[in-house]
Amino acid sequence: MTDADSTPPAALAAFERQPLPAGWYYTDTSESEHQHAELQRELPPGHLLYGVPVRTIAWRDGASDDVLFQRLDDPTRFTVVHLTWRGRTEVDKRFPTVELDGSFQHFLDEEAPWNDLAPEGSPPVDDGRAE
């Protein structure tokens, strides 16, 4: 995917009109279906998203298996899940790992330190890296 894929069409929901943090990309239909199917395969009873209707929103590029899902029962709630890609139901409800669960702004705020972004109205984050 190209960087252009991180900026979606204006016809989408308000949060989807925002650029995503560096390295994150809105999914196309094929990716969305593939990642959603894998999530459903992996979810064991007791997992935060077990039995919860979700839609795939975005994925992180690179060596990460992180995917951003939106809850359909509460559209203001988003969950970043680290898929295992085992292709079967996990036996431990801690997997696939939930990296974040909250609002879309919470997602942006959590990604800010790792992407040299600052949450709106916040001072720059000192992540300890020397310039």
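Trp-59 is buried, at a relative accessible area of 13%; buried means under 20% relative accessible area, exposed over 50%, and partly exposed in between, with a 1.4 Å probe and protein chains only. This is a predicted model, in which local features need pLDDT of at least 70 and side-chain atom pairs count only at pLDDT 80 or more, while totals for chains, interfaces and linings use all residues. Residues are numbered from 1 along each chain as its sequence is written, and side-chain values use heavy atoms, with hydrogens and water left out.

The structure has 4 aromatic pairs, counted where rings of Phe, Tyr and Trp (its six-membered ring) have centres within 6.5 Å; planes under 30 degrees apart count as stacked, over 60 as edge-to-face and the rest as tilted. One of them joins Tyr-25 and Trp-59: the ring centres are 5.4 Å apart and the planes stand at 35°, so this pair is tilted. It links distant parts of the chain, with Tyr-25 in strand S1 (residues 24–26) and Trp-59 in strand S2, 34 residues apart. Strands (E, at least two residues) and helices (H or I, at least four) are DSSP runs numbered from the N terminus. Tyr-25 is buried as well, at 7% relative accessibility.

## Phenylalanines of helix H2

The rings of Phe-104 and Phe-107 have centres 5.6 Å apart and planes at 45°, so this pair is also tilted. Both residues lie in helix H2, 3 residues apart, a separation of about one helical turn. Phe-104 is buried at 6% relative accessibility, and Phe-107 is buried with a relative accessible area of 0%. Ring pairs join Phe-104 and Phe-107 with Trp-24 and Phe-78 in a cluster.

## Salt bridges

Side chains of opposite charge can pair when their charged atoms come close. The model contains 7 salt bridges, each defined as a side-chain nitrogen of Lys or Arg within 4 Å of a carboxyl oxygen of Asp or Glu. One of them is formed by Arg-60 and Glu-111, at 3.0 Å from N to O. Arg-60 belongs to strand S2 (residues 54–60) and Glu-111 to helix H2 (residues 104–111), so the bridge ties together parts that are 51 residues apart in sequence. Glu-111 is buried, with a relative accessible area of 7%.

Asp-73 and Arg-71 form another salt bridge, with an N to O distance of 2.8 Å. Asp-73 is partly exposed at 46% relative accessible area, whereas Arg-71 is buried at 8%. A further salt bridge connects Arg-86 and Glu-90, whose closest N and O atoms are 3.2 Å apart. Arg-86 is partly exposed, with a relative accessible area of 44%. Salt bridges that share partners join Arg-60, Asp-66 and Glu-111 into one network.

Glu-90 sits in the loop between strand S4 (78–82) and strand S5 (97–102). This residue is buried, with a relative accessible area of 7%.

The side chain of Glu-90 makes a polar contact of 2.6 Å with the side chain of Thr-84. A polar contact is a pair of N or O atoms within 3.5 Å; within protein, one must be able to donate a hydrogen and the other to accept it, and residues adjacent in sequence count only if both atoms are side-chain atoms. The side chains of Glu-90 and Arg-86 also make a polar contact, at 3.2 Å. Leaving aside residues up to four places away in sequence, Glu-90 touches Glu-42, Pro-44, Thr-84, Phe-95 and Pro-96, where contact means heavy atoms within 4.5 Å.
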